[in-house]
Amino acid sequence: MELIAASRIVKAQQRVAAAVPYSEQITEVVRDLAAHGGSTMSPLLAGRDVINTVAYVVVTADRGLCGGYNAGVQRAAEGEIKAEVLKGRSYSVIAVGRKAESYFRFRGYKVEKTFAGFSDTPGYADAKAIAEHVMELFTSGQVDRVELVYTRFITAGSQEVVQRPLVPLEKETVTGGPSTGPGANATAATADFEYEPDPTTILDALLPRYIEARIYAALLNAAASEHAFRQRAMKSATDNAEELIKNLSRIMNRARQDSITTEIMEIVGGAEALAGDKKGIVIDFSRYVDDLDSTPTPRVIHV
């Protein structure tokens, strides 16, 4: 399992890196649309004045044996849920991964929906299904805010649990102008884009894709983090098993040596006892002698 996880980390890293250009480009286009007059009154951008219900999209693994990967995300989401309950707000959990579902159902939390079966190799279709459900909850008014809780992949040896607002989208992200990422040029981006139809229509169509891209990036980061955690956990388990085998082998050899030594001592002790008995063993046969013999003589048998 350690070797399999190690081989999958490389592919997961490549998928994370491959998704970055798309995420950056769609962010840039959304910002440019807003800068060119696209309306920011989309339902996905309209925040609620009063927050009554918060939904948490909790991304975990479908399987265990990956160290503290699942526990870290579960504890982070549980802490946020308890904080919201103390504020008098309601909540719902959207569990991504069987471990999240089993954890929250066992503890009596409200699990609104579960998505599972793709934690190690997520696809864009999986992210789209989650995004459609989340947007439906928000636009229908069932929830007032959606938070995304997952493990961000930094390097093979470093990951961190993060919480990101998902819906409504932050207006600063949309209206902040063109992307300022590597290689971005604000003037060139503003001048090069032409939109047909109008920017508002395109913006309304792109915002769902933007949410899907964010969820997809989170799933890819979570998958890479899961493999990294599993590799470390299995390496630690292998090292512990080898150390346990070594200790138990020493105990077994010591017990075997003690048993052999005891047997040898018993044999030597018995041989010495037999060799030191020179007088033999006296057995009284008087009761077998004829009654006429009034003075029987004991007979000696040497063994």
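The legends below describe close-up views of a predicted model.

**View 1. A hairpin is formed by strands S4 and S5.** Strand S4 covers residues 145-155 and strand S5 covers residues 158-167. The two strands run antiparallel and are joined by nine bridges. Two residues lie between S4 and S5 in the hairpin. Within this pairing, tyrosine 150 stands opposite valine 162 of S5.

**View 2. The largest pocket is lined by 18 residues.** Its volume is about 510 Å³. Nearest the centre of the pocket lie Ser23, Tyr150, Arg214, Ala217 and Asn221. Helix H1 (2-35), strands S4 and S5, and helix H7 (199-276) are the elements that each give two or more residues to the lining of the largest pocket. By residue class, the lining holds eleven nonpolar, three polar and four charged residues.

**View 3. Tyrosine 69 and phenylalanine 229 form a tilted aromatic pair.** A search of the whole structure finds five aromatic pairs. In the pair shown here, the ring centres of tyrosine 69 and phenylalanine 229 are 5.6 Å apart. Tyrosine 69 belongs to helix H2 (residues 69-86) and phenylalanine 229 to helix H7, so the pair ties together parts that are 160 residues apart in sequence. Both tyrosine 69 and phenylalanine 229 are buried.

**View 4. Phenylalanine 104 and tyrosine 109 form an edge-to-face aromatic pair.** The distance from centre to centre is 5.5 Å, and the angle between the planes is 85 degrees. Phenylalanine 104 has a relative accessible area of 0% and is buried. Tyrosine 109 has a relative accessibility of 16%; buried means under 20%, so tyrosine 109 also counts as buried. Phe104 and Tyr109 belong to one aromatic cluster, together with Tyr91 and Tyr103.

**View 5. Arginine 48 has its charged end over the ring of phenylalanine 138.** The distance from this charged end to the centre of the phenylalanine 138 ring is 4.2 Å.

**View 6. Lysine 113 lies over the face of phenylalanine 115.** Here the distance to the ring centre of phenylalanine 115 is 5.6 Å.

Notes:
Residues are numbered from 1 along each chain as its sequence is written. This is a predicted model: local features need pLDDT of at least 70, side-chain atom pairs count only at pLDDT 80 or more; totals for chains, interfaces and linings use all residues. Side-chain values use heavy atoms; hydrogens and water are left out. Two strands pair if DSSP finds at least two bridges between them. Helices (H or I, at least four residues) and strands (E, at least two) are DSSP runs, numbered from the N terminus. On a 1 Å grid over the protein atoms alone, a cavity is a set of points where a 1.4 Å probe fits but cannot get out, and a pocket is an open set with protein on both sides within 12 Å along at least five of seven lines; lining residues have an atom within 4 Å of a point. Grid points are joined across faces, edges and corners, and a volume is the space filled by probe spheres set on the points. Ala, Val, Leu, Ile, Met, Phe, Trp, Tyr, Cys and Pro count as nonpolar, Asp, Glu, Lys and Arg as charged, and the others, Gly among them, as polar. Rings of Phe, Tyr and Trp (its six-membered ring) pair if their centres lie within 6.5 Å; planes under 30 degrees apart count as stacked, over 60 as edge-to-face and the rest as tilted. Buried means under 20% relative accessible area, exposed over 50%, partly exposed in between (1.4 Å probe, protein chains only). A charge sits over a ring if NZ of Lys or CZ of Arg is within 6 Å of the ring centre and within 35 degrees of the ring normal.
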